[in-house]
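Dear colleague,

I am handing over the structure below, and I would be grateful if you could read the notes after it with the structure open beside you.

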Amino acid sequence: MAEEAWHEARLIPTSGINGAEEQERRATSALLAVVTAVREFGRGLTQPLGAPAGNIQAFIEVPFMLGDKRCYPDGLIRVTRGQRSWTALVEVKTGTNELAVEQLENYLDIARENGFDALITISNEIPPSAGQHPTKVDKRKLRKVAMHHLPWSQILAEAVVQKEHRGVADPDQAWILGELIRYLEHPRSGALEFEDMGPSWVAVRDAVSAGTLRASDKGVADVAARFDALLRYASLRLGRTLGTEVVPVVSRREAAEPALRSAALVDGMVKEGRLNGAIRIPNAVAPLNIELDLRASRVTVHVDVDAPRDGRSTTRVNWLVRQLKAAPDSVRLEAFALHTRGPGAADLLKSVREDPNLLIQDPKKELRSFRIAHTTPLGTKRGRGRGAAIDSVLDAVETFYGEVLQHLKAWTAAPPKMREVTDVPGESRTALVSTALSSQDGVEPVEDGESGADPDDGGDGSSSLSEEPATS
């Protein structure tokens, strides 16, 4: 028998998983075991939820009585530091299984009765923004117990960033974390990626194309939420590659009132047939903007960059073009001048490389900013794979970042240079020469025995240095 057919022994095997129940139990046990074994990973997951930096213990299927019935939350995490203790129940779903309202409310009651701090839910559901929960529960049950949600994609991203970029001090713990990553990346683990734009995607897209979409139509709000979830997933995926935290851009008001963000997306679909959002990458020159044109079936990614504040217009255009050596010719550039409204001069990068003047409408007006954009076809399918909307958006984002955004740097003004003083023969270098009017207003008072005129200035007080005359 060929050795290629042998299966390598794994710490967390994917073989033997039969059904959703076994899948959830194994995923829960594997995750909680690694949380306790790898200190850096455990702290990275629990501290943002309010836990102290202390010793972590974890248990699975802990029984509790609620009234006359026995309940079994999937797990329990306890973090202790000195006299302080933080405890959270854990509820896990894998695959396409969704969290149930009744079950979560029962666990919130158990947590309140036992003085626990939080309920953590884990599933493949990705809420539109961080801090939101995909399941709506009675808010009265959240008065004393916090409820946090961790998508499997976020847990995987945290594990990869910790192992590959932040680092794990102990080599054995690093290997253990690598085994968890390998397990979660396997399709049989049930830790799925963002897989679906929702059952209303095709109907809403067709209504936009026909010009018949209304804000009250069924499924419009769901498509808006799925788009924001796609932005968050794209952020997690890009952050996992870069080793940093990439997040969607939302205003403070939208973060406080998520309904405003949903209403804005719905309004954009109804009036313009577009969905717009942005993600922020640390130290990037500007946020990366993403626009889906549902009428034209196109996805456009772009970034806005401030132009240099000095130099001619052609110099400013060339400053940008030099940074786009790795960008494809099909990238579109647009230049905006000061004190002007509306669209600016635009052309493809291929043409601007040959003639920078294509981006200059009026040489007398200074350029204030540039827009670098790239447009590609938008997939029509709601799922994943070839011809799918999700994959076309992910490809557009990652390609644009790799070829364009990561190479862009903001312009900075040159530091001021020191004024050079010309040496005069016979004069001390420590003497300060001034051309200010205040130093030429008259003869300085002198002590007895000294002349008020310099023997070298012809007796009229004027300097013999070759300086430009001061102007008033």
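A cavity is, on a 1 Å grid over the protein atoms alone, a set of points where a 1.4 Å probe fits but cannot get out, and its lining residues are those with an atom within 4 Å of a point. Volumes here refer to the space filled by probe spheres set on the points, with grid points joined across faces, edges and corners.

Please note that this is a predicted model, in which local features need pLDDT of at least 70 and side-chain atom pairs count only at pLDDT 80 or more, while totals for chains, interfaces and linings use all residues. Residues are numbered from 1 along each chain as its sequence is written, and side-chain values use heavy atoms, with hydrogens and water left out.

**Cavities**

The structure holds two cavities of 30 Å³ or more. The largest cavity, with a volume of about 80 Å³, is lined by L31, L32, V35, L45, T46, L49, I77, V90, I120, I122 and L150. Ten of these lining residues are nonpolar, one is polar and none is charged, where Ala, Val, Leu, Ile, Met, Phe, Trp, Tyr, Cys and Pro count as nonpolar, Asp, Glu, Lys and Arg as charged, and the others, Gly among them, as polar. At least two lining residues come from each of α1 (19–37), α2 (39–46) and β6 (118–123), and α1 supplies the largest share, three residues. Helices (H or I, at least four residues) and strands (E, at least two) are DSSP runs, numbered from the N terminus.

The second largest cavity has a volume of about 40 Å³, and its lining consists of P128, D228, L231, P248, V249, V250, R261 and A278. That lining divides into six nonpolar, no polar and two charged residues.

**The protein as a whole**

There are twelve helices and 14 strands in the protein. Of its 472 residues, 42% are buried, where buried means under 20% relative accessible area, exposed over 50%, and partly exposed in between, with a 1.4 Å probe and protein chains only. Counting contacts (heavy atoms within 4.5 Å) between residues at least 6 apart in sequence, 66% join residues at least 24 apart.

Helix α4 covers residues 152–166, and its 15 residues should span 21 Å at 1.5 Å a residue, which agrees with the 20 Å between its end C-alpha atoms; the expected span is 1.5 Å times one less than the number of residues. Among the buried residues of α4 are W152, I155, L156 and E158. G167, which follows α4, has a positive phi, near 95°.

Q23, found in helix α1, is buried at a relative accessible area of 14%. Beyond residues up to four places away in sequence, Q23 touches I17, T94, G95, Y183, R188, S189 and G190.

In strand β11 (residues 298–306) lies H302, which counts as buried at 15% relative accessibility. Leaving aside neighbours within four places in sequence, H302 is in contact with P287, L288, N289, R371, I372, A373 and F400.

**Two loop residues with positive phi**

Most residues other than glycine have a negative phi. S297, which is not a glycine, has a positive phi near 55°; S297 lies in the loop between β10 (288–293) and β11 and is partly exposed, with a relative accessible area of 26%. H339, also not a glycine, has a positive phi of about 60°. The loop between β12 (332–337) and β13 (345–348) holds H339, which counts as exposed at 80% relative accessibility.

With kind regards

Key:
On a 1 Å grid over the protein atoms alone, a cavity is a set of points where a 1.4 Å probe fits but cannot get out, and a pocket is an open set with protein on both sides within 12 Å along at least five of seven lines; lining residues have an atom within 4 Å of a point.
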